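Opening the notebook on a new model today. I want to go through the fold piece by piece and jot down what I look up.

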Amino acid sequence: MKTGEKYPLAVVVTYGPDYKTATKLVASIFTRPGQQEPFAIEKWTISEGDIIKDDSIMAALHDFIKRHHAVENVAFNPIWGCPHEEGIDYPDGGECSRCPFWANVDRLTLEPKSLDRPLTPDQIIAGLSRKRLTQPLLSFEAVERHREQMIEPFLQTIERILNQPDRATIDEAALFSYCLAFLAKWREPRVYPLVVRWLSLPGEAAFNIGGDTVTEWGSRLLATLGTGDVEPIKQLILNRAANEFCRGQAIEALAILVAWGHRSHAEVADYFGCLAREGLERESNAVWDALLFACGDIEVLSVFDDLKRAGQEDLLAPEMVAEELEEATANPPGERLASFRELQTPFDDVVEETSWWQCFAASENDDFSPERFADEVFKPTEYVESEPYVAPQPYIAPPKIGRNEPCPCGSGKKYKKCCGH
């Protein structure tokens, strides 16, 4: 493993009975590159609780690092397997009877070693909870094999993260999205109000948890789950405390339901007209933009007079209204709606729905190796003493790009025909 160039180097490893609680800590000092055995090593263990929260042990760790003049350390924040030692605490080649969690779990990736052996919900969730370079396909398969067993734990996970959105770590955010994806694929009705609750969070909280899944998944999740009851979607549209982009996703969800044939064109056209005339606040925001594009996408031409008036009030850019109307009427009736329908696929494939995540952006031709994974996941960090929890910085939305503006990727296409489709 690459551990940096500053020496002496302190390597800190934690172990525990499962992937959430550390009961053993091992600190080693290396004085030069390539050193196979540490210059000094010290171990601490506790019988119960979390060793990271033990102030006396953390003070001893700090003293150990300082005493050996280490200027940099590698902190293995993910727990690195069972605290008991093979050949000492249990037979060579065997499994630790005191830590059943690790019996069928790879300590590096947390994915199952074998899908043919029994797995608990906690073991499966572990495989969805660690930062990684490739999609956790073994864990995906384990989820599908244990579908009925995983519904309740997934719902509980979503609830837990929604209760404290400002404390969601990167790993928890990924887990949150995996849980949403599988429950939506299974059409679990109890996840629908949770999706609405997520998208109704104030400020940037929805983005803090879900990142780009808000705008990549939001409208289709609402449409996939809300085919029989659109009132929660309408409430989200009118919820001024919610993020404007989340409210825009709710408007697009109604357009998707029309495209899929779950709501009538006349019904949604009438509702969009009400929004344009009196339903939406008279201030420019992304909700108005979403209404304009939705009317164009499903050819709700009757609302464009109201949208033109909104343009005169500076709620929309008049040129955008004109261009959207021109595009909506340029082709035979129904053609643009058909194109919109082709782009809005139901939420049915978790592998496909997560394949675009930035953490999986490495070339498919790159060979996966434990060493490469470890180098990326366990990066060297400067040692600091324990400090109080500090909430992560909120997501700052980038400047809005009009769908009729040139796409910033440089393709030469309009944004809505390229990255913004």
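Before the packing entries I need one cut-off: I take a contact to be heavy atoms within 4.5 Å. The model is predicted, so I keep its local features to pLDDT of at least 70.

**Entry 1: overview.** I started with the element list and found 17 helices and 4 strands in the protein.

**Entry 2: helix H6.** How many residues of H6 are buried? I went through residues 192-199 and got 6 of 8, so I put the helix down as mostly covered, buried meaning under 20% relative accessible area. The buried ones are Tyr192, Leu194, Val195, Val196, Trp198 and Leu199.

**Entry 3: strand S1.** I moved on to residues 9-15, where 7 of the 7 residues in S1 are buried. I checked the two faces separately. On one side I have Leu9, Val11, Val13 and Tyr15, on the other Ala10, Val12 and Thr14, and both faces are covered. For the pairing, I found S1 antiparallel to S2 (residues 24-30), over 7 bridges. I looked up one partner by name: valine 11 is bridged to serine 28 in S2.

**Entry 4: H11 and H12.** Two packed helices are described by the angle between their axes and the distance between the axes, so I noted both. For H11 (residues 265-279) and H12, the axes come within 11 Å and cross at roughly 145 degrees. I have the crossing down as left-handed. From H11, Phe272, Leu275 and Ala276 meet Trp288, Leu291, Ala294 and Cys295 of H12. Sorted by class, this contact has 7 nonpolar residues, with no polar and no charged ones.

**Entry 5: H12 and H14.** The axes of H12 (residues 286-297) and H14 (residues 318-330) come within 9 Å and cross at roughly 20 degrees. Why do I call H12 and H14 roughly parallel? Angles under 35 degrees count as roughly parallel, so the pair qualifies. H12 passes H14 in a right-handed crossing. On the H12 side I listed Asp289, Leu292, Phe293 and Gly296, which meet Met320, Val321, Glu324 and Ala328 in H14. By class I got 5 nonpolar, 1 polar and 2 charged residues for this contact.

**Entry 6: positive phi.** Most residues other than glycine have a negative phi, so I went looking for exceptions. Glutamate 299 has a positive phi, near 60 degrees. I placed glutamate 299 in the loop between H12 and H13 (304-312). Aspartate 314 also has a positive phi, of about 65 degrees, and is not a glycine. Aspartate 314 sits in the loop between H13 and H14.

Aspartate 314, at 61% relative accessibility, counts as exposed.

Methods
Residues numbered from 1 in each chain as written. Predicted model: local features only at pLDDT ≥ 70, side-chain atom pairs only at ≥ 80, totals over all residues. Heavy atoms only, no water. Buried < 20%, exposed > 50% of the residue type's maximum accessible area, 1.4 Å probe, protein only. Helix = DSSP H or I, 4+ residues; strand = E, 2+ residues; numbered from the N terminus. Axes fitted to C-alpha atoms, helices over the stretch in contact; angles between N-to-C directions. Parallel < 35°, antiparallel > 145°, perpendicular 65-115°, else oblique. Left-handed = near helix turned anticlockwise from the far one by under 90°. Nonpolar A, V, L, I, M, F, W, Y, C, P; charged D, E, K, R; others polar. Pairing = 2+ DSSP bridges.
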